[in-house]
Amino acid sequence: MQVIKYVFQPHGDERGQLVALEEFKDIPFKIKRVYYMYDTAEGVIRGYHAHKSLEQILVCIHGSCKIRLDNGVEKKIVPLEKPYEGLYVANNMWREMYDFSVDAVLMVLASEIYDETDYIRNYDEFLKFTKNFSDTVAAQGIIL
Ligand code: T46
C-alpha cells in the first residue's frame, strides 16, 4: 500500500511562514468543505470509518497526531507533525486518527460537503464494500 503525502510550498520571510492551498494546483480536487479538530482529549481515537466517495487531505497545522490508514488489505501509520505536509486519504480507506498532542489542530480539506450516507462506520461492512474495489485500491495506492 502506498501513501501520498503532499509537501506544500511555505512562503517564508523574516515575518514567518505562510502556506497557500489552491484547488487543482496544490490540492488534487475541488475543495467543497474545510473542517478542523482541536482540543482533542488525551488518548482519544477519532475516525473509525471509511467513505464511499469522499477524498480528503489532512494537514496537522499545529502540534502532531498519527493517522492509521487501512485499505482492507494493508494498514499504514502516518505521523503528521509539519504544518506544510498534507496526507491524501482516498475513498474506500478506513481511517483512525490518534496520538494527538494537546496543542494539535488537524485541518481537513474535503472534496464533498458533509453527507452521513457517504460514511461506512462498520468495519465488516467496510471490508465487504472495499472487496469490490480492492484491485482499484491496491492499484491507486499511496506513495510515501
Ligand atoms: C473524516 C475524519 C478525518 C458535521 O456536522 N459536519 C462535518 O463536516 C463533519 C466532519 C462533522 N460534523 C459533525 C458530525 C458529528 O456530530 O461533527 C461531529 C463529529 O464528526 P465525526 O464523529 O464524524 O468526526 P471524526 O473525527 O470521527 O471524523 C472526521 C470526519 O467526519 C471524517 O469525514 O474522514 O474526520
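Five strands make up an open sheet, in the order 1-7-4-9-2, with antiparallel pairing. The model is predicted. Strand 1 (5–7) and strand 2 (33–37) are the edge strands, each pairing on one side only. On average, neighbouring strands of this sheet are turned by 25° against each other, direction ignored.

Strand 2 pairs with strand 9 in the antiparallel sense, over five bridges. Within that pairing, Val-34 has Leu-109 of strand 9 as its bridge partner.

Next, the nonpolar cores. The largest one holds 18 residues. Leu-58, Ile-67, Leu-69, Leu-80, Leu-87 and Leu-106 touch the most other members. At least two residues of this core come from each of strand 4 (56–62), strand 5 (65–70), strand 6 (75–80), strand 7 (85–89) and strand 9 (105–110). Strand 5 gives the most, with three residues. A second core is separate and has nine residues, among them Phe-8, Ile-27, Phe-29 and Ala-90.

| Side chain | Distance to an oxygen atom of the ligand |
|---|---|
| Tyr-35 | 3.2 Å |
| His-49 | 3.3 Å |
| Arg-121 | 3.3 Å |

On its own, the ligand has 660 Å² of accessible area, and the protein covers 67% of this.

How values were computed:
Residues numbered from 1 in each chain as written. Predicted model: local features only at pLDDT ≥ 70, side-chain atom pairs only at ≥ 80, totals over all residues. Heavy atoms only, no water. Core = buried A, V, L, I, M, F, W, Y, C linked by side-chain atoms within 4.5 Å. Buried < 20%, exposed > 50% of the residue type's maximum accessible area, 1.4 Å probe, protein only. Helix = DSSP H or I, 4+ residues; strand = E, 2+ residues; numbered from the N terminus. Pairing = 2+ DSSP bridges. Axes fitted to C-alpha atoms, helices over the stretch in contact; angles between N-to-C directions. Polar contact = N/O pair within 3.5 Å; in protein donor to acceptor, adjacent residues only side chain to side chain. Areas by Shrake-Rupley, 256 points an atom, 1.4 Å probe, with all protein chains shown as cover.
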